[in-house]
Amino acid sequence: MSVVRSIYAGVRALGIAEEEDRRHIYERVTGKRSLRAMAPSEKDAVLDELRRMGFRPDGRRRLEGPYAKKLQALWIAGWNLGLMRSRDDAALIAFVKRQTGIDHVRFLHDPAAAAKAIEALKGWLARDGGVDWTDDRERPSWLQDHSAKIAEAQWRLLEPGQPAGSRFVAAVFEITGAQRSLGALRSADWRAVSNAFGVRIRALSSSPARKEA
């Protein structure tokens, strides 16, 4: 597979669907917003960044279905929180079947059944991962992003008792590159942070193994 095709596969696998988000990553890594404008070494750097963000070019097909993207994003978030033993699609499919009785995510079309699976995942992430899904106006504006909510919960696992203050900001900007403020970060940036924090969480030898629901 060519580097360009691998990059396209990577952004799809990471759920980076918006063109502007993709170009933001390109620009952050190389200073260029277009793959066509990049030298081969710069394309390699973009692919390396996607791998750092969690892309694994293992040839797996993307899950299909109207709710697949949402479910997969939540499942990977749980994996990055240390809740799931596996990020494999098969584990997600088994979870959805337990919740809905439907054999595969691609057959999940009923909104009520999909909501049951989605809310079960969100509840799990809140209960055992500490994710606060509320959109309280008194909370910082950057916490309106769902991926930021995941990263904030991960920080509390990595640094118990430490608020999302200056050390959190420094850790985030180490991953994303210097920014004006946390509010300047996009969803793609927060996904990169979540994936990087997830590597640290899974590496903690003291992290207890959590049994899947």
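**Exercise 1.** Which residue lies over the face of Trp133, and at what distance from the ring centre?

*Solution.* The model is predicted, so local features need pLDDT of at least 70, side-chain atom pairs count only at pLDDT 80 or more, and totals for chains, interfaces and linings use all residues. Residues are numbered from 1 along each chain as its sequence is written, and side-chain values use heavy atoms, with hydrogens and water left out.

Step 1. Apply the rule: a charge sits over a ring if NZ of Lys or CZ of Arg is within 6 Å of the ring centre and within 35 degrees of the ring normal.

Step 2. Lys122 lies over the face of Trp133, 5.0 Å from the ring centre.

Step 3. Arg202 lies over the face of Trp79, at 3.4 Å from the ring centre.

**Exercise 2.** Classify the ring pairs that Trp75 forms with Phe95 and with Trp124.

*Solution.* Step 1. Rings of Phe, Tyr and Trp (its six-membered ring) pair if their centres lie within 6.5 Å; planes under 30 degrees apart count as stacked, over 60 as edge-to-face and the rest as tilted. The structure holds 9 aromatic pairs.

Step 2. The centres of Trp75 and Phe95 are 5.6 Å apart and their planes stand at 55°, so this pair is tilted. Trp75 belongs to helix H4 (residues 68-80) and Phe95 to helix H5 (residues 89-100), so the pair ties together parts 20 residues apart in sequence. Helices here are DSSP runs (H or I, at least four residues), numbered from the N terminus.

Step 3. Trp75 and Trp124 form an edge-to-face pair, with 6.2 Å centre to centre and 75° between the planes. Trp124 lies in helix H6 (residues 111-129), so its pairing with Trp75 in H4 ties together parts that are 49 residues apart in sequence.

Step 4. Buried means under 20% relative accessible area (1.4 Å probe, protein chains only). Trp75 is buried at 1%, Phe95 is buried at 1%, and Trp124 is buried at 3%.

**Exercise 3.** Which helix gives the most to the lining of the largest cavity?

*Solution.* Step 1. On a 1 Å grid over the protein atoms alone, a cavity is a set of points where a 1.4 Å probe fits but cannot get out; lining residues have an atom within 4 Å of a point.

Step 2. Helix H3 (40-52), H4 and helix H9 (187-203) each supply at least two lining residues. H9 gives the most, with 3 residues.

Step 3. The residues that line the largest cavity include Trp79 and Arg202.

Conventions: Buried means under 20% relative accessible area, exposed over 50%, partly exposed in between (1.4 Å probe, protein chains only). On a 1 Å grid over the protein atoms alone, a cavity is a set of points where a 1.4 Å probe fits but cannot get out, and a pocket is an open set with protein on both sides within 12 Å along at least five of seven lines; lining residues have an atom within 4 Å of a point.
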